[in-house]
Amino acid sequence: MATSTFVWATHQVPVTRWFKAELRQRAPTLHFAYARPGLSTFKVSGEMLEADFALPSSFARAYGVSLGRARAEEEVMGLSEGLPAGRLRLHVFERDIDVPVDEQAPAARGQRAASVRAALLARAPERFAAEPAAGPEDLVLDVVVAHASQPDDGWLVGCHRHHRGHGPEPGGVTHVPLPEEAPSRAWCKVEEVLRWADFALAPRERAIEIGSAPGGASQALLARGLDVFGIDPGPMDPRVLRFSGPHGNRFVHLGVPAAKVQRSQLPHHYEWLLCDVNLAPMVALRYVERFTALAHGGLKGAVLTLKLNDEGVFAALPRLRERIAKLGAREVRYTQVPSHRSEIAAILRY
Ligand SMILES: C[S@@+](CC[C@H](N)C(=O)[O-])C[C@H]1O[C@@H](n2cnc3c(N)ncnc32)[C@H](O)[C@@H]1O
């Protein structure tokens, strides 16, 4: 059976205290058990948890129920014996270390996960799906290992039933390195969030980005074929301004603060709203509320970057979540992707 009285979650190292404090409030039946950097586990009081449970966390990138600890492939296979028959998705991934992902030596990162995954696939090819990307209802076997730059300190073996509270890739999402031609790190942030959220953006859909300069996120959206309206008094990178894609899509710069944008400057319909302003989230949310209302119900999704740079903002998170819940989305999820620093993403699906 895919149930357990222990759960695990992975998250960035610097937010460990906030991650645990939030769960004490929102999931009081979880009692902190043990941790490694980037990985926390909890004992569940009361009933066993099923693999499809949802963890109410704003910081977790991946989570599931725990099956136990292993040091070798045969122990992983032993722990997974009790799971239902049929092919499992295999997610082997490395814990975060306390170094921002884009400052880590890229050659090392991921090597341990790749070799453990290859060994498990070779050992039991009939038990695992060849591709890791999880779809709805897939049962995923998670093997969480130490970062390749650190000594091997044993593996946590767990599982989760995939649903929209999870990213589809091992560990929720893998870091997407910054291409040379990207104007800013925001390119990685938006790519990772879109992949974690599994959002299907279609060419010629329209996106509004509040806080678009210099343009990494806009460039990622343009590359997916969207028309992008970027709101920012700051200068946009010329490559974004000049962009002309195979779909004929373009970038339009509204070079004024968000409060000064007139409805007539926006397209009649827009499907996607992004907000990445360097303002306190309570202030940024005012603009989000306005541009959500101006979309006249046509939104498909929104990605809101929430700057979380001090204890005050962390303490305000419940109120922020309440305001975000009133934006009319069918579903709101939160996560912190590898490229985030003092920020998390609220991901809304309409
Ligand atoms: C983190 S940067 C955005 C990065 C951008 N998303 C990218 O992809 O490169 C934050 C931006 O918010 C903009 N900003 C701050 N206040 C704003 C406001 N009231 N309206 C629009 N943009 C604002 C700043 O000018 C700055 O360019």
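Biologist: Helices (H or I, at least four residues) and strands (E, at least two) are DSSP runs, numbered from the N terminus. Going by that, which of them each supply at least two residues of the lining of the largest cavity?

Modeller: Bear in mind that this is a predicted model. In it, helix α4 (186-197) and the strands β13 (272-275) and β14 (301-307) each supply at least two residues of that lining.

Biologist: And where does the largest share of the lining come from?

Modeller: It comes from α4, which contributes four residues to the lining of the largest cavity.

Biologist: What volume does the largest cavity have, then? And which residues are the closest to its centre?

Modeller: The volume is about 100 Å³, and of the 13 residues lining this cavity, the closest to its centre are V190, L274, D276, V303 and T305.

Biologist: Switching to open space, how much of it lies in the largest pocket?

Modeller: About 730 Å³ lies in the largest pocket, which is lined by 41 residues, and of these R61, D96, V101, H175 and P338 are the closest to its centre.

Biologist: Which element gives the most to the lining of that pocket?

Modeller: Strand β7 gives the most to the pocket lining, with three residues, while β7 (89-94), α3 (111-123) and β16 (343-349) each supply at least two. The residues of the pocket lining divide into 18 nonpolar, 13 polar and 10 charged.

Biologist: New topic: at what angle do the axes of α7 and α8 cross?

Modeller: The axes of helix α7 (residues 281-294) and helix α8 (residues 311-325) come within 10 Å of each other and cross at roughly 15 degrees. Angles under 35 degrees count as roughly parallel, so α7 is roughly parallel to α8.

Biologist: Is the crossing of α7 and α8 left-handed or right-handed?

Modeller: The crossing of these two helices is right-handed.

Biologist: Which residues make the contact?

Modeller: On the α7 side, the contact is made by P281, M282, L285, R286 and E289, and on the α8 side by V313, A316, R319, L320, R323 and I324.

Technical notes:
Residues numbered from 1 in each chain as written. Predicted model: local features only at pLDDT ≥ 70, side-chain atom pairs only at ≥ 80, totals over all residues. Heavy atoms only, no water. Axes fitted to C-alpha atoms, helices over the stretch in contact; angles between N-to-C directions. Parallel < 35°, antiparallel > 145°, perpendicular 65-115°, else oblique. Left-handed = near helix turned anticlockwise from the far one by under 90°. Contact = heavy atoms within 4.5 Å. 1 Å grid on protein atoms, 1.4 Å probe; cavity = no way out; pocket = protein on both sides within 12 Å on 5 of 7 lines; lining within 4 Å. Points joined across faces, edges and corners; volume = space filled by probe spheres on them. Nonpolar A, V, L, I, M, F, W, Y, C, P; charged D, E, K, R; others polar.
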